[in-house]
Amino acid sequence: MIEARHLRVLRAVARTGSFSAAARELGCTQPAVSQQMKALEHSAGTPLLVRGARETRLTEAGDVLVRHAVGILAGLTAAEEEVAAIAGLRAGRVRLTSFPSGSSTVVPGAVAAMRAQYPGTKVSLEEAEPPRSVEMLRAGDCDITLAFRYVDLPTPAEESWDDLVVRPLLTDRLVGVVPEGHALAVGGRPVEIAELEQEQWIAGCARCRRHLVEVCERAGFTPRIDFATDDYPAVVGLVAAGLGVAVLPELALESVRPKGVAVVEVRPAVQREVVALTLPDLANVPAVDMMLGRLAQAAAR
């Protein structure tokens, strides 16, 4: 019989590439990992891993088992959490993953409300940008992930959310950020993105950077990106020092003190859709459902 604890170990070995790294991730010893893998291979009746000098890789059977393990472990987590919820949410957990501006604005109020009503429910948070955060959800490494996508761009097939439960939270507008006293900040008028063609740019995360380039190219130019950072205070600091201009989500500016910069409306308008995602099995878990509701309430304020 294949045991869930063995599947968790197999998934850790597959993710980290070695028994020792998997042991560190799981908080156990390397011999314990080796022993559990031997037991799993005995249950499966076939080798699941090929142990090399530098890396441990999956056999074809191991790859199949890891793929099925994601759904099995997600379903088991859902069952465990639902049983805990029957006792009145006096126990249980919700693991959140969020992009930085979401974790500094929407998440705090939602988690505070959840703890106030259900103090026995443990809520944890890890930061990751989409699509990595969505991959973590599908892999069973979190229960809810906050993600976003730009409404002016088609969604690539590999970034589809069709297999997930989608809870819309808010629409976040992108605004221009220029040094205080910049000519385009005078008069409070909207700024066409093409008017920033000659500027030096500060770009954000890889996904946001790709989107910036596409928006500018639609306006007829390629932005000169001198600096790139996914740290929003750093972006504001670079703009304030006169080292370039940027476009940032309004949600990001809520968590940053915009000292030394001016915020301007940019045209054409660019928006991103912010949502909470979970797996269909987990959506039926009361603690997860409650957390989704708290996130929606926090985003509406």
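User: Which residues line the second largest pocket?

Analyst: In this predicted model, the lining of the second largest pocket is made up of Arg 149, Tyr 150, Leu 153, Pro 154, Thr 155, Pro 156, Glu 159, Arg 207, Arg 210, His 211 and Glu 214. Strand E5 (144–150) and H8 each give two or more residues to this lining, and the largest share, four residues, comes from H8. The pocket has a volume of about 250 Å³.

User: How do you know which residues of that lining count as charged?

Analyst: Asp, Glu, Lys and Arg count as charged. By that rule the lining of the second largest pocket has five charged residues, along with four nonpolar and two polar ones.

User: Arg 207 is one of the residues in that lining. Is Arg 207 buried or exposed, and what makes it so?

Analyst: Buried means under 20% relative accessible area. Arg 207 has 13% relative accessibility, so it counts as buried. Arg 207 sits in helix H8 (residues 206–218). Neighbours within four places in sequence aside, Arg 207 is in contact with Pro 130, Phe 148, Arg 149, Tyr 150 and Glu 159.

User: Why is the link between Asp 152 and Arg 218 called a salt bridge?

Analyst: The cut-off is 4 Å between a side-chain nitrogen of Lys or Arg and a carboxyl oxygen of Asp or Glu. For Asp 152 and Arg 218 the N to O distance is 2.6 Å, so the pair qualifies. Asp 152 has 26% relative accessibility, so it counts as partly exposed.

User: What makes Arg 167 and Asp 289 a link between distant parts of the chain?

Analyst: Arg 167 is in strand E6 and Asp 289 is in helix H12, 122 residues apart. Their side chains meet in a salt bridge at 3.8 Å, N to O, and the cut-off is 4 Å.

User: Which residues are the closest to the centre of the largest pocket?

Analyst: The largest pocket has a volume of about 380 Å³. Of its 19 lining residues, the closest to the centre are Arg 11, Arg 15, Arg 95, Gly 140 and Asp 141. The lining divides into seven nonpolar, two polar and 10 charged residues.

User: What makes a space a cavity, and how many of 30 Å³ or more does the structure hold?

Analyst: In a cavity a 1.4 Å probe fits but cannot get out. The structure holds one cavity of 30 Å³ or more, and about 240 Å³ of space lies in the largest cavity. Of the 22 residues that line it, the closest to its centre are Leu 174, Cys 208, Leu 212, Val 247 and Leu 248. H8 gives the most to this lining, with five residues. By class, the cavity lining has 16 nonpolar, three polar and three charged residues.

User: Which residues have the most contacts inside the largest nonpolar core?

Analyst: They are Leu 96, Ile 144, Trp 201, Met 291 and Leu 295, in a core of 62 residues. Helix H12 (residues 286–300) supplies the largest share of this core, seven residues.

Methods:
Residues numbered from 1 in each chain as written. Predicted model: local features only at pLDDT ≥ 70, side-chain atom pairs only at ≥ 80, totals over all residues. Heavy atoms only, no water. Core = buried A, V, L, I, M, F, W, Y, C linked by side-chain atoms within 4.5 Å. Buried < 20%, exposed > 50% of the residue type's maximum accessible area, 1.4 Å probe, protein only. Contact = heavy atoms within 4.5 Å. 1 Å grid on protein atoms, 1.4 Å probe; cavity = no way out; pocket = protein on both sides within 12 Å on 5 of 7 lines; lining within 4 Å. Points joined across faces, edges and corners; volume = space filled by probe spheres on them.
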